There are 2 protein chains.
Amino acid sequence: MPERPPATVKPRVVKGFRDILPHQAAARRRVIETIRAAFERYGFVPLDTPAVEYVDALLGLGEEGSKNLFRFTSPDGEEIALRYDLTVPLARVVAQYRDLPRPFRRYQVSPVWRADKPDPGRFREFVQFDIDSVGVPTVLADAEIVMAMDEALCALRLDFRVRYSSRKLLNSILRWAGVPEGRSMDTMRVLDKFDKIGLEDLLRELGPGRTDASGDRIRGLGLPDPAVMKLREFYETHAVTDRAPGGGLDALTRLFEAVPGSGEAVAELGEMERYLRIAKIPPARVGLDTSLARGLDYYTGLIFEATLNDLPRFGAIFGGGRYDGLVSRFGEEAVPATGASIGVDRLVAAMEELGRVPKGWAVARVMMTVMDPERMPDYLALTREVREAGIPAEIYLGDAKSLKKQFAYADRMGIPVVLIAGSNEFEAGTVSIKDLSEGRRGSEEAATRDAWVKQRSGQQTVSRSEMIPVLKRLLEVA
Amino acid sequence: MPERPPATVKPRVVKGFRDILPHQAAARRRVIETIRAAFERYGFVPLDTPAVEYVDALLGLGEEGSKNLFRFTSPDGEEIALRYDLTVPLARVVAQYRDLPRPFRRYQVSPVWRADKPDPGRFREFVQFDIDSVGVPTVLADAEIVMAMDEALCALRLDFRVRYSSRKLLNSILRWAGVPEGRSMDTMRVLDKFDKIGLEDLLRELGPGRTDASGDRIRGLGLPDPAVMKLREFYETHAVTDRAPGGGLDALTRLFEAVPGSGEAVAELGEMERYLRIAKIPPARVGLDTSLARGLDYYTGLIFEATLNDLPRFGAIFGGGRYDGLVSRFGEEAVPATGASIGVDRLVAAMEELGRVPKGWAVARVMMTVMDPERMPDYLALTREVREAGIPAEIYLGDAKSLKKQFAYADRMGIPVVLIAGSNEFEAGTVSIKDLSEGRRGSEEAATRDAWVKQRSGQQTVSRSEMIPVLKRLLEVA
């Protein structure tokens with residue numbers, strides 16, 4: 001490129017964004033494929049929508065994300081922005097394609113973007129995995145969302161708890177407590193903090209405000225004292241005690257008696273409870289929790305959320321609920337809808353914290369070393385034979401001549417087995433197989449530099465016809 | 001949501017973008033997974049980079065995409081833009097993480113964005129699937145890229161041809177023809193049109209310009225006449241005739257004799273040819289074509305490109321080459337690199353055109369109808385049993401009471417089999433299984449409305465214990 005001045009640019013990732021390195025990308029993919037398989041068993045169908053939407057479609061939903069859009073101008077001079085969730089694009093699709101089959105049960109796994117202040121562990125781009133049922137007003141659809149989510153998390157071998165409640169119930173409670181109509185959404189956003197801050201701080205935030213651990217002043221909603229007292233009563237006699245697993249139907253009876261106007265909500269929660277039992281989901285894993293509020297404006301019925309039992313402070317790993325009003329934002333028609341969203345990157349981060357994400361980058365399970373570059377045709381043929389047996393394999397492409405350095409590359413990548421062949425092996429019709437993971441199994445601390453010597457014991461020479469069977473045996477063990 | 005005025009927004013997709021509907025999304029996923037499996041057999045490791053990069057990293061590469069950025073400002077006031085390819089982010093990553101293992105062989109499958117003028121079939125967002133080898137200067141790395149691409153396209157059961165040539169060879173040819181040094185990149189961009197416009201129009205574009213089919217004037221490069229005549233000579237005696245499959249090594253000998261300074265390029269092309277033969281790839285599928293130019297500035301060595309034999313006018317479905325100078329844009333160090341990019345959405349569009357993308361949306365293979373809503377627990381249990389046998393199944397969630405309408409939904413979605421159970425079946429311990437695809441197999445034109453009647457023949461009642469075996473048999477046939 002002699003025409004262009006070689007301007008140098010500092011390589012750096014945009015603030016609040018990050019690169020997903022191979023071991024993380026592999027973990028993310030495993031998580032996505034496991035979730036996808038669960039959702040596909042339920043018959044949800046895939047949908048992909050563009051990364052950008054018109055700003056008018058994204059604005060004014062009261063959702064936190066809609067306040068922090070990455071906005072820009074299209075080449076046609078129109079105001080567009082990166083999507084901040086997958087629910088609003090779905091509502092847009094449902095309103096736009098009038099002849100979609102109903103029910104329309106779709107999944108979407110895609111990145112979303114929020115121009116928030118980045119925190120450690122909080123990024124401006126993250127992948128969500130959503131399922132939604134559009135066109136179904138019955139609780140069966142909500143229950144199915146929870147069942148499919150439950151199945152996905154079980155398939156990921158996670159120890160979790162799903163809690164569900166109802167926006168309708170919360171509305172009854174707020175009316176009963178005397179919270180002014182116009183303050184109900186603000187109140188719910190504070191109630192949503194119950195798990196994080198506890199009852200006393202929550203009540204202070206509903207009333208006069210409070211000072212947090214770092215001494216910062218948090219403004220209160222200034223609700224009237226009697227309302228705050230009634231909410232205290234509710235939390236102490238219901239929300240806190242009803243969380244006990246298995247208390248579902250009893251708790252509902254008491255709620256119905258205590259909260260005027262809660263009939264419809266209690267009936268729906270009861271139906272949910274029954275479907276979950278039919279599905280043989282244990283109450284300890286999925287159960288009623290009337291302290292659940294969820295922060296989004298657009299919920300209109302049942303709401304649900306899951307947390308990891310091993311990492312309770314990690315926050316929700318999925319959340320969702322019924323939103324019967326969202327589609328009508330794009331047209332006359334009110335379309336019932338319910339769904340939930342898994343924070344895939346959050347889940348991967350949690351699994352990393354639980355030590356469930358291997359650190360090795362390699363996809364290959366076998367590396368062909370190159371002792372004698374003149375023999376390249378033979379090395380390529382050997383590598384091809386391993387691949388054809390269904391074992392991911394790479395041939396060493398670097399410039400290191402010494403086997404020691406080639407082993408060090410394999411070891412660093414986490415490739416468990418290497419093949420070695422020189423003139424001796426070619427003459428004898430054999431190949432040497434070295435299990436690099438054997439040394440590691442004995443001593444995790446074996447430095448890469450010393451690994452070669454320590455691991456000599458893990459080397460065997462076999463005939464060409466034995467190569468594949470031996471590799472298969474080794475890799476099942478390794 | 002009583003607080004908010006119910007503003008209505010017209011539902012529409014941003015110009016130049018599109019929704020990927022379920023049958024397309026499923027096809028795209030199958031294509032991606034097939035390609036991924038091929039690349040993983042070669043041991044390429046996954047990497048994900050953010051959708052956005054700093055503008056300075058993306059600008060000034062001479063790449064078409066870099067002229068059409070979706071630019072915006074980060075919350076921190078910095079100039080950022082959506083990535084337009086996956087190669088520049090890789091170069092940034094390699095320069096940024098100094099201790100990456102070398103060789104670093106990665107794959108990435110992600111959307112990219114270009115603020116081009118949208119055309120029919122040309123979108124502003126599309127998915128690319130790239131593999132690259134970083135840190136390897138030898139032709140073996142280029143050959144491996146082509147082999148892995150060849151394997152991926154074979155796995156997709158496509159009829160294609162990969163052509164390769166060399167930027168170094170083109171440089172020798174342009175010097176030999178007397179093309180002024182400063183015009184070489186412009187010249188290559190015109191040479192890249194050879195397949196599209198043919199030799200005569202190409203030569204006019206190199207010289208005085210031409211008028212295209214629609215009467216528009218296309219400016220010529222104004223190269224000196226002797227240079228254009230030498231290029232004609234080259235195309236007539238080499239490029240056009242050398243394309244014959246199998247002519248590789250002979251053609252190279254003639255090139256070496258005809259073009260002064262082509263020694264290094266010819267040696268590399270010869271090495272490529274030998275590796276491909278070792279890999280037993282037939283010359284008719286992958287071969288030398290010295291008319292290949294590729295439009296990107298940054299190539300420095302071997303270049304390659306594939307087209308579909310059934311859809312030659314569809315253009316390249318993958319392309320790539322060696323770019324040893326790109327990483328040094330981000331730092332002092334020159335890092336050898338080579339790679340290629342598959343246009344996934346282009347490939348899916350081609351497969352749609354070839355009739356290889358089924359129109360049905362369904363993921364579920366079985367739908368449980370709901371005859372008697374009181375029996376919901378039984379229907380849920382039946383559905384669960386089907387799922388547990390590994391067969392994707394959904395329960396009908398809609399409000400249609402009649403079986404006919406429920407069948408119509410299944411038929412429209414493309415669900416091949418439905419289950420029916422009413423009091424008769426429950427009492428007898430049986431279930432009815434109806435093969436909706438049977439009618440379709442007989443007559444593709446059977447209208448949804450009439451399908452129910454026509455397909456009655458495809459119904460059988462079996463005992464509960466026979467249900468799963470019968471479903472498995474049916475679905476393997478269906």
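The C-alpha centres of domain 1 and domain 2 of chain A lie 50 Å apart, where domain 1 covers 22-353 and domain 2 covers 366-477, with bounds that come from an automatic or database domain assignment. This is a predicted model, in which local features need pLDDT of at least 70 and side-chain atom pairs count only at pLDDT 80 or more, while totals for chains, interfaces and linings use all residues. Residues are numbered from 1 along each chain as its sequence is written, and chains are lettered from A and ligands numbered from 1 in the order in which they are written.

**Contact between the chains**

- Chain A gives 91 residues to the contact and chain B gives 92 residues, two residues being in contact if their C-beta atoms, placed from the backbone, lie within 7 Å.
- On the side of chain A that touches chain B, helix H1 (residues 22-41) of chain A supplies the largest share, 6 residues; helices (H or I, at least four residues) and strands (E, at least two) are DSSP runs, numbered from the N terminus.
- That side of chain A divides into 53 nonpolar, 13 polar and 25 charged residues, where Ala, Val, Leu, Ile, Met, Phe, Trp, Tyr, Cys and Pro count as nonpolar, Asp, Glu, Lys and Arg as charged, and the others, Gly among them, as polar.

- Strand E11 (residues 302-308) of chain A is mostly covered, with 7 of its 7 residues buried, a residue being buried if 20 or more other C-beta atoms lie within 10 Å of its own, exposed if 12 or fewer, and partly exposed in between, with C-beta atoms placed from the backbone.
- In a regular strand the side chains alternate between the two faces of the sheet. In E11(A), Leu302(A), Phe304(A), Ala306(A) and Leu308(A) point one way, and Ile303(A), Glu305(A) and Thr307(A) the other way.
- E11(A) pairs with strand E7 (residues 160-166) of chain A in the antiparallel sense over 7 bridges, and 4 bridges join E11(A) to the antiparallel strand E12 (residues 318-322) of chain A; two strands pair if DSSP finds at least two bridges between them.
- Ile303(A) in E11(A) is the bridge partner of Ser165(A), and the bridge partner of Ile303(A) in E12(A) is Gly321(A).
- The largest nonpolar core has 291 residues, of which Val146(A), Met149(A), Val146(B), Met149(B) and Ile415(B) touch the most other members; such a core is a set of buried Ala, Val, Leu, Ile, Met, Phe, Trp, Tyr and Cys residues joined through C-beta atoms within 7 Å.
- Leaving aside neighbours within four places in sequence, Met149(B) is in contact with Val162(B), Ala306(B), Phe318(B) and Ala340(B).

**An open sheet in chain A**

- An open sheet of 5 strands in chain A has the order E15-E14-E16-E17-E18, with mixed pairing, and its edge strands, E15 (393-395) and E18 (459-463), each pair on one side only.
- Strands E16 (residues 417-420) and E17 (residues 430-435) of chain A pair in the antiparallel sense over 4 bridges, and Leu419(A) stands opposite Ile433(A) in E17(A).

**An open sheet in chain B**

- In chain B, 8 strands form an open sheet in the order E1-E5-E6-E13-E12-E11-E7-E10, with mixed pairing, and the edge strands are E1 (45-46) and E10 (286-288).
- Strand E12 (residues 318-322) of chain B runs antiparallel to strand E13 (residues 337-343) of chain B, joined by 5 bridges, and Arg322(B) stands opposite Thr338(B) in E13(B).
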